[in-house]
Amino acid sequence: MQPTDEDLVSRFQGGDETAFEAMVERWNEPILQLATRLTGDLEEAKDVRQMALLKTYQGLDRFEGRARFSTWIYRVVLNLCRDRKRGAAVRERALDGAVRQQEGDYVLEETGFHLARDRELARIVAGAVLSLPPAEREVVVLRHYHELGFPAIAEILGSPVTTVKSRMTRGLELLRTRLATLEA
Amino acid sequence: MTPTLPPDDLVPDCGRVRNELAALVYGELAPDTRAALERHLEGCAACSDERAALEDTRRVLALWQTPAASEDPRELARSIAAQARPAARPAPRRARLLRWSALLSGAAAAALFVLSVLSAQVRLDQGRFELSFGLPGARPAPAALVAEDDWRDEVRTIASQAGSQAALQEVTLRTASLEQSQAESFQRVTQMTREELLRLAQAVDSALAQKQESFDARLQRLGEEARQADLENQRALTQLASYLPVSRPR
């Protein structure tokens, strides 16, 4: 049976460095995916992953298990992505309109997608998700792409389940409008 | 499951149904709540259309796939650990000691290899072990031992714990060789009792801790210098920005 995240934390706290390798093996992909979908930039997402794993390594000794590890690591990634967003907004204000447009294309280009055939569709979907207000985007990404239930998302965000559900509904409605042409 | 509608509410109104549609589309409703919603949807074209639209949106969202992580997770974990360790985590002392004793009692050759990597000299003087570290030797050494893969990784960890980048590089360069003096030490270690091995482990542990402390101090100093440089850069950027036209509020 696979050890739980909490088992691995406990082994790491006892000095077992291989437990951290097992944690990275398990969380590498989800962290990168989440950060890519929240920042819209693969390189930014890699930076976020690096910082999230570093915080994990440095914080695990003090991890007391009051929340589940998964809740904790998702919170870390969300906070790092929110900080990045603020930084990007500050940078954006310094640029004139023409550069901002080019930067927008560049961001989507950098996000990258698997299927060349569906590349254009994927770009449109990515653009629609990235254009959601941050609160709605976080819920949509966690629910749809990470398959987390509303109660788990509520715990991560520290919000009531009803709030999470209404953000999801609002997020889907906005996406529906923006993606209407693709659904036909 | 998030039951929010009472089971006896057979025909919820449109407003309440809309609030639950996302949960319905993502399969998060308790069976009785779901049944109540379905009953409403059967008789309400507007809500039914809304549900179909959200399900279409859900399908379209699946088109966005992000690139898979390309890095080897074990390598990533080691680089994170190496990055974090000088500033944050000397492994728990007991754990380090246990690891050393395991290495020594399990494979004395491994321990000697570690000492070789760190260019450590072991002297046995009146029943006490003394360790000293020198710069990694430049002299080519005669081939004596070949490291096994499983503990080579352990050696990397310990070497990085000792805070020496040079030592880390030496792991690769010197896996197959020991210096003559260390070969003699090896002979001595193989003849040690368990008690002697544990004392050697303690000596090694203590020496590594000292090395770690001096490395930490150096790192802190470098960090302070980097912060100063950063401040100066920021001052220069602020000055530069003052020459630029003020951007219009958006």
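Leaving aside neighbours within four places in sequence, with which residues is A:Ala35 in contact? In this predicted model, the contacts of A:Ala35 beyond that range are A:Ala45, A:Val48, A:Arg49, A:Val77 and A:Cys81. The residue itself belongs to helix H2 of chain A. A:Ala35 has 27 other C-beta atoms within 10 Å and is therefore buried, the cut-off being 20 or more. A further relation spans 39 residues of sequence: the C-alpha atoms of A:Ala35 and A:Tyr74 are 9.9 Å apart in space.

Chain A has 184 residues, of which 36% are buried. When contacts in chain A between residues at least 6 apart in sequence are considered, 62% of them join residues at least 24 apart.

Helix H2 of chain A, residues 18-39, packs with helix H1 of chain A, residues 5-13; their axes come within 8 Å and cross at roughly 150 degrees. Because this angle is over 145 degrees, H1(A) is roughly antiparallel to H2(A). The crossing of H1(A) past H2(A) is left-handed. On the H1(A) side the contact involves A:Leu8, A:Arg11 and A:Phe12, and on the H2(A) side A:Ala19, A:Phe20, A:Ala22 and A:Met23. Six of the residues in this contact are nonpolar and one is charged, with no polar residue present.

The buried residues of H1(A) are A:Asp5, A:Leu8, A:Val9 and A:Phe12. Viewed down the helix axis, these buried residues of H1(A) fall within an arc of 105 degrees, so they line one face of the helix. An α-helix has 3.6 residues a turn, so residues three or four places apart point the same way. A:Leu8 and A:Phe12 are buried and also take part in the contact with H2(A). After H1(A) comes A:Gly15, which has a positive phi, near 105 degrees.

Chain B comprises 10 helices and two strands. From the N terminus, its elements follow the order α-α-α-α-α-α-β-β-α-α-α-α. Of its 250 residues, 28% are buried. Among the contacts in chain B with a separation of 6 or more, 74% are between residues 24 or more positions apart.

A helix pair was also examined in chain B. Helix H1 of chain B covers residues 14-25 and helix H3 of chain B covers residues 45-61; the two axes come within 10 Å and cross at roughly 25 degrees. Because angles under 35 degrees count as roughly parallel, H1(B) and H3(B) are described as roughly parallel to each other. H1(B) passes H3(B) with a right-handed crossing. H1(B) contributes B:Cys14, B:Val17, B:Arg18, B:Leu21, B:Ala22, B:Leu24 and B:Val25 to the contact, while H3(B) contributes B:Ala46, B:Cys47, B:Glu50, B:Arg51, B:Leu54, B:Glu55 and B:Arg58. Nine nonpolar and five charged residues make up the contact of H1(B) with H3(B), and no polar residue is found there.

Key
Residues are numbered from 1 along each chain as its sequence is written. Chains are lettered from A and ligands numbered from 1 in the order in which they are written. This is a predicted model: local features need pLDDT of at least 70, side-chain atom pairs count only at pLDDT 80 or more; totals for chains, interfaces and linings use all residues. Axes are lines fitted to C-alpha atoms, for helices over the stretch in contact, and angles run from 0 to 180 degrees between N-to-C directions. Helices (H or I, at least four residues) and strands (E, at least two) are DSSP runs, numbered from the N terminus. Angles under 35 degrees count as roughly parallel, over 145 as roughly antiparallel, 65 to 115 as roughly perpendicular and the rest as oblique. A crossing is left-handed if the near helix is turned anticlockwise from the far one by less than a right angle, and right-handed if clockwise. Two residues are in contact if their C-beta atoms, placed from the backbone, lie within 7 Å. Ala, Val, Leu, Ile, Met, Phe, Trp, Tyr, Cys and Pro count as nonpolar, Asp, Glu, Lys and Arg as charged, and the others, Gly among them, as polar. A residue is buried if 20 or more other C-beta atoms lie within 10 Å of its own, exposed if 12 or fewer, and partly exposed in between; C-beta atoms are placed from the backbone. The arc is that of the directions from the helix axis to the C-beta atoms.
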